[in-house]
Amino acid sequence: MKIDRMIGILSILLQQEKVTAPYLAEKFEVSRRTISRDIEALCMAGIPLVTTPGPKGGISVMEGYKIDRTLLSTSDLSAILAGLKSLHSISSTNRYVQLMEKLSSGASDRPPGDQHIQIDLASWSKTSLTPKIEQIHTAILSSKKISFTYHAPKGDSARLVEPYNLFFQWSSWYIWGWCTTRQDFRLFKLNRMTNLKIDGSFEKRPAPLPELSADRVFPKQYQVKAKIQPAYKWRLIEEFGPESFTEQPDGNLLFSFGFTDKTSIVCWIASFGEGAELLEPAELRKDMLAYAENIRKKYIR
């Protein structure tokens, strides 16, 4: 990508006294003409570059700019490289590795990204997730529709979507696009998609970015109160934070939090076994009893 190459060229120029166009062309695997256009674009962007002809000539950054306005500090470069490493975790190619090498070129005194921060955006599902991200990203860049089977709590459905954005949110990857079935923009979770295919072309329409606040996507319809045994304190802290409960005189934890739907409440309380008791909403206590009774029947033979 041109912007990647230009960043890499500028990084090299800021770190070395002088480089030649053939060197840059070989480094970035492009023609000298392309490098010349990139240098011209950098000059138009306000970067004071100096081109010196002759056997000892080359391209350099004006000395005053180099001293007073260095583009990337050590911490800046480390942050950028850490971000690129995270993108590499869900990439099936070496393009991010190559960009990291270009940014680090000639900077032996600079660390290769913040070694204290390791980000894996693929988590446990890289084998199935990475091909989806690559396929969808290709479709976005080429304005191609994607078709897939979507597996949701309400059942399976076939979808045809005009893709616009990939998002990593709430520890998962999502695609934001125009759903031809619903005739509206929708958010789809990649891990729920199967049979993904690139379909025909589409003409891009104005695409607003989604409102991804938790209250918007997961509206709290039910306010839950539950008594949780102290052995599960770690779980409440991990899932909802220490402010989600108060410790009672008997040692139990009084939990309070908003949930989106009844099924989530019942399944979450049941996941504690005997370690939790639902107090409110009172009408859902009957649902808990029915849920437990249905499980009991399955194991009575």
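**Note on an antiparallel sheet and selected salt bridges**

1. An open sheet is built from four strands, ordered β9-β10-β8-β11, with antiparallel pairing. Strands (E, at least two residues) and helices (H or I, at least four) are DSSP runs numbered from the N terminus, and two strands pair if DSSP finds at least two bridges between them. The edges are held by β9 (245–247) and β11 (276–280), each with a single partner strand, so one side of each lacks a neighbour in the sheet.

2. This is a predicted model, in which local features need pLDDT of at least 70 and side-chain atom pairs count only at pLDDT 80 or more, while totals for chains, interfaces and linings use all residues. Residues are numbered from 1 along each chain as its sequence is written, and side-chain values use heavy atoms, leaving out hydrogens and water.

3. Strand β10 (residues 253–259) pairs with β9 in the antiparallel sense over three bridges. Thr246 has Leu254 in β10 as its bridge partner.

4. There are seven salt bridges, each defined as a side-chain nitrogen of Lys or Arg within 4 Å of a carboxyl oxygen of Asp or Glu. One of them joins Glu162 to Arg205, with the closest N and O atoms 3.0 Å apart. Glu162 lies in strand β4 (residues 155–169) and Arg205 in the loop between β7 (193–201) and α8 (214–217), 43 residues apart. Glu162 is buried at 5% relative accessibility, whereas Arg205 is partly exposed at 31% (buried means under 20% relative accessible area, exposed over 50%, partly exposed in between, with a 1.4 Å probe and protein chains only).

5. Lys227 forms a salt bridge with Glu277, the closest N and O atoms being 3.8 Å apart. This pair links strand β8 (residues 222–228), which holds Lys227, to strand β11, which holds Glu277.
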